[in-house]
Every structure is written in C-alpha cells, then in structure tokens.
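The tour goes stop by stop, with something to select at each.

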Amino acid sequence: MSTRKPSTGTSRPTTYREALREGLREALRQDERAFLMGEDVGRYGGCFGVSLGLLEEFGPDRIRDTPLSESGFVGAGIGAALGGMRPVVEIMTVNFSLLALDQILNNAATLLHMSGGQLSVPVVIRMTTGAGRQLGAQHSHSLEGWYAHIPGIRVLAPATVDDARHMLAAALADPDPVLIFEHGSLYNAEGTLDETVEAVELDTAAVRRSGTDVSVITYGGSLPKALAAAETLAGEGISAEVVDLRSLRPLDDTTVMASIGRTNRAVIVDEAWRSGSLAAEISSRITEQAFYDLDAPVQRVCSAEVPIPYARQLEEAALPQPATIVDAVRRTVS
C-alpha cells in the first residue's frame, strides 16, 4: 500500500503504479459490477504490484486470481461483460496476450458488429508492454501497434500519472472493449498528480512540451525519453514540441497535424519494430494530410529489428534512447 501522505493542495507526488492502483480502487468502490481478474492479481498483489492490497479491501469475489490460461480468462472476462458486469482483465505482459488474440480479435472486437449492434462488450484489458528491464524477449516486446490495427476496440497508452489515474474510469464507461497498455519502465516513475482533474478525454493527444522547430511524436514509455531529448536539444538552440498520442486507436490526427503545421518537421518515436509499425502509420498520415507543411522528410526512431536482448548493453542499444532521438532531430532540422 502507498505510504505517501495526502496533499492539502491541488497536486501531490505519486508514482505511476500508485496512480493505477487508485484508479482501480475508485472503479471498484463506485460500481459493484466492476471486478479485477488475472494472474496473481490477488494474494501476490499483481505481477507488477499494481493491485497490492486490493484483495484485502474488496475480497476474492472482486479480486480474482486466474489460472495461467490467457485465452480462458480473457474469454471469461468477455462473457462477464456480455452479462452486464464491468470486468478489468489483467494480462501479465503483451507477449502473453497473443494467447488470447482469438478472444480479443474474433470475439470482443467483432460481437457488436456481428450482432447488429445488440451486444456490447464493455471489457477493459490491461497489460504491461515494452522493454528496458532485462526481462528477456518473451516479456519485453511492444506489440500495441498490432492491436491498434483492429477495428472494434479502443487502444490506450497512458504515459503520465494523471492518465494512469483517470483513464480506467473513462475506459469502463465505454461500451466497447478497451485495451490499456502500461509500459513496464513507468511503474516506478514519479510524477505530480493533479487533484483538480476528475476525468480525461480518451480521443485526444496532448502536447507535453511546446516547440517551434520540430514535432517529436510518441507515446507510453518513450515519452520520458522524448522529453529528455527535447531538453538536450533546447541547449543546442533547437525547440522541440513533444506530442503524447495517449490514444493509439483512434489516433488524434488533428493534434498531430496542428503540431506539424507549427514546426514543419516530424520525428516519430515508437519502441516497436520499424517494419509495419505504428510509426509507419503515423508517417503515412502526415504525408497524406500535411505533406506541403513539411520542410524535411519524416524521421522514425524505432527498436532494432531483433528479439529484444537480455544483456543490458544490448537491450539499451536495441531500444530508442534520448541520444538517438536527438540525432534524428538534428538530421531533420539540418
């Protein structure tokens, strides 16, 4: 449980993990239909500690440990949603979600369409994504772009403590399936939670840093790297605007194109592999919608096209880093 003292002001320090836990606790308190299910979410407190203490507060009927069968418990979550419940299903890592891909793609995403609008599936599926923690290839890939390809679901990537705190409530209010991707490197990240925020929009990107020379477009665990790169670039006299996509499906084209209109250059940072990536989709949309605003080709910073290595120095070399973002920006503004 959190040991942080409550703030008497309008903001307080917290971690990404604690913000997620607060969002879960609020959802469980406000709606008796809501429950959490997944591997080790109960007695163990979640594989990444997000649900620590919730079993003691809400009991085993609402914090439900499941067998190691992603297809089975994701299917159970879909069935519960069809039955009027509001399940939050936790999958340990995005790699393991592939075992439930049939349930997500062929059932959750399609039932509303195939039933002629009669069957909504208000299930929320949370999972950890991304690398940088030396967990090996089977626990470290960024596959959220695959899910952003699928019509019928909403795909979210909270990168700040405010989004981590409030996106779950908005997701549970959505009548359609929502997938939330939590980057593993963010769980321990500290931030300032704005206590005046009561809700967040799910369809809009956010400009996290204003700039005039280049738009750095990213999401999730790459946001801190993009902001660090922007700080370095500022010391060189280059003003980088940092756009946090927040929603990967639907994409907020309006905010992205408005940023390109201000800076006339774009660098897209995406921890997924370059080939067939979300970065490629965004680059195509910029070409289609803002080609004549560009003063330079769009640059992409993605992971090396290899299984994510275990060795620390190899893992770091395979991933986008602030230095590689800085180099890409230098190329596009030169």
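Buried means under 20% relative accessible area, exposed over 50%, and partly exposed in between, using a 1.4 Å probe and protein chains only. The model is predicted: local features need pLDDT of at least 70, side-chain atom pairs count only at pLDDT 80 or more, and totals for chains, interfaces and linings use all residues. Residues are numbered from 1 along each chain as its sequence is written, and side-chain values use heavy atoms, with hydrogens and water left out.

**Stop 1: an exposed glycine**

Select G116. G116 is exposed, with a relative accessible area of 65%. Its place is the loop between helix 6 and strand 5. Helices (H or I, at least four residues) and strands (E, at least two) are DSSP runs, numbered from the N terminus.

**Stop 2: helix 3**

Select residues 70-82. The expected span of a helix is 1.5 Å times one less than its number of residues. For the 13 residues of helix 3 that gives 18 Å, and the end C-alpha atoms are 18 Å apart, in agreement.

Which residues of helix 3 are buried? Colour E70, F73, V74, G75, G77, I78, A80 and A81. Then show what covers them: strand 2 (34-38), strand 4 (86-93), helix 4 (94-97), helix 5 (101-108), helix 6 (111-114) and strand 5 (124-129) are included. Contact here means heavy atoms within 4.5 Å. Step just past the helix to G84, where phi is positive at about 105°.

**Stop 3**

Show side chains at the contact. From helix 3, S71, V74, G75 and I78 meet Q103, I104, N107 and A108 of helix 5. By class, this contact has four nonpolar, four polar and no charged residues. Ala, Val, Leu, Ile, Met, Phe, Trp, Tyr, Cys and Pro count as nonpolar, Asp, Glu, Lys and Arg as charged, and the others, Gly among them, as polar.

Stay on helix 5 and pick L105. L105 is partly exposed, at 33% relative accessibility. Leaving aside neighbours within four places in sequence, L105 contacts T110 and I150.

**Stop 4: T128**

Move to T128 in strand 5. Is T128 buried or exposed? T128 is buried, with a relative accessible area of 4%. Not counting residues up to four places away in sequence, T128 touches F48, I91, M92, T93, V94, R133, E182, G184 and Y187. A polar atom of the T128 side chain lies 3.4 Å from the backbone oxygen of M92.

**Stop 5: helix 10**

Select residues 253-263. The buried set is D253, T255, V256, M257, S259, I260 and T263. These pack against strand 9 (206-209), strand 10 (214-218), strand 11 (240-244), strand 13 (266-273) and helix 11 (278-290).

Zoom to T263, buried at 0% relative accessibility. Beyond its neighbours within four places in sequence, T263 is in contact with G211, T212, D213, V214, S215 and E241. Its side chain reaches the backbone oxygen of R265 at 3.1 Å. N264 follows helix 10 with a positive phi, near 70°.

**Stop 6: backbone checks**

Most residues other than glycine have a negative phi, and most peptide bonds are trans.

- D40: in the loop between strand 2 and helix 2 (54-58), with a positive phi of about 65°. D40 is partly exposed, at 36%.
- R246: in the loop between strand 11 and strand 12, with phi near 65°. R246 is buried, at 6%.
- P250: in the loop between strand 12 (247-249) and helix 10. The peptide bond from R249 to P250 is cis, with omega near 0°.

Technical notes
Polar contact = N/O pair within 3.5 Å; in protein donor to acceptor, adjacent residues only side chain to side chain.
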